[in-house]
Amino acid sequence: MCLKKRIDGYHNIESIFYPVKWCDAIEAIQEERNGTINISPFGIQIPGSPESNLCVNAYHLLSAKYKLPSLHLWLLKCIPMGAGLGGGSADAVFFLSLLNNLFQLNISRKELKIYASQIGSDCTFFIENKPALVTGTGNIISPIKLDLNSYYIAIVYPQIHVDTKNAYSLITPHKRQSSLNDLIQAPIGAWKETISNDFEEPIFKTTPQLVELKDFLYKQGALYASMTGSGSAIYGIFDKKPELIGLPSSYKIWINSPQ
């Protein structure tokens, strides 16, 4: 949820971040050039200039202090963009860790979190990549006890891109009476009545397909369903493997298997 708009233009939030195994792939190959990086993205098309990619930002952030060789970065993009899944942020942070390990920079986890926070507000989470209560602008990470490994989690991306900046401009900040950390202690089936995503109300008004998709997941037996972050993916938590038959063929569907 969005608690307050700050004078710097950012928003204070309270959210639960939970890692899943829908991932991109990164490969870095050293080249004989002078301290530069080239990136070759493939898979899902990434809009904009490759030089503006967050992984490139991560490289330049470290190269300002450490002597890094030239690299060619191959990025297989599988996580949809504009879906509220944090794929770009995750790529950048895991690339930070790759550089740290590959070139034995000996950067501590505490220092990595500082670097990650300079790339993006939500990037710090991916250093630990464990369930967390996320506050501040997304930069304050508090570990929580939340284990969904015995459940199926289905994430559906309906090929609708939501601009994060525009999404934040649509919501009205407010405070919740109970902390999310307290609310998630209740059985998952009770979350439907107590836990909501503030982005849903304004975004659902302009994209009724998302309302239909959320309702569809509940009809398929979801214990809880919600939009991911600022959208537009919708996820459902199930105690049995969902079939999800009847969705448009263009929708991207990811379903985990309980551990």
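Which residues does D91 touch, not counting residues up to four places away in sequence? The model is predicted, and the contacts of D91 in it are D24, I26, C55, L75 and K77.

## Residue D91

D91 is part of helix α2, which covers residues 87–102. Its relative accessibility is 6%. Buried means under 20% relative accessible area, so D91 counts as buried. The residues that D91 touches, leaving out those up to four places away in sequence, include C55 and K77.

## Helix α3

Helix α3 is made of residues 109–119, and its buried residues are L112, Y115, A116 and I119. These residues lie on the same side of α3, because they cover an arc of only 100° around the axis. K110 and Q118, on the other side of α3, are exposed.

What covers the buried side? The cover over the buried residues of α3 includes α1 (54–63), α2 and α4 (125–128). Helix α2 is also the helix in which D91 is found.

## Strand β9

Strand β9 runs over residues 152–157 and is mostly covered, with six of its six residues buried. In a regular strand, side chains alternate between the two faces of the sheet. In β9, Y152, A154 and V156 point one way, while I153, I155 and Y157 point the other way. The residues of both sets are buried.

Which strands are joined to β9 by bridges? One of them is β11 (residues 234–238), which is joined to β9 by five bridges and runs antiparallel to it. Within this pairing, A154 has G236 of β11 as its bridge partner. Another is β12 (residues 252–255), joined to β9 by four bridges, and these two strands also run antiparallel. Here Y157 has K252 of β12 as its bridge partner.

## The cavity

How many cavities of 30 Å³ or more are there? The count comes to one. The space in the largest cavity is about 40 Å³.

The lining of the largest cavity consists of I39, P41, I46, P47, G48, S49, P50 and N53. By type, the lining residues divide into five nonpolar and three polar, with no charged residues.

Conventions. Residues are numbered from 1 along each chain as its sequence is written. This is a predicted model: local features need pLDDT of at least 70, side-chain atom pairs count only at pLDDT 80 or more; totals for chains, interfaces and linings use all residues. Side-chain values use heavy atoms; hydrogens and water are left out. Buried means under 20% relative accessible area, exposed over 50%, partly exposed in between (1.4 Å probe, protein chains only). Contact means heavy atoms within 4.5 Å. On a 1 Å grid over the protein atoms alone, a cavity is a set of points where a 1.4 Å probe fits but cannot get out, and a pocket is an open set with protein on both sides within 12 Å along at least five of seven lines; lining residues have an atom within 4 Å of a point. Grid points are joined across faces, edges and corners, and a volume is the space filled by probe spheres set on the points. Ala, Val, Leu, Ile, Met, Phe, Trp, Tyr, Cys and Pro count as nonpolar, Asp, Glu, Lys and Arg as charged, and the others, Gly among them, as polar. Two strands pair if DSSP finds at least two bridges between them. The arc is that of the directions from the helix axis to the C-beta atoms.
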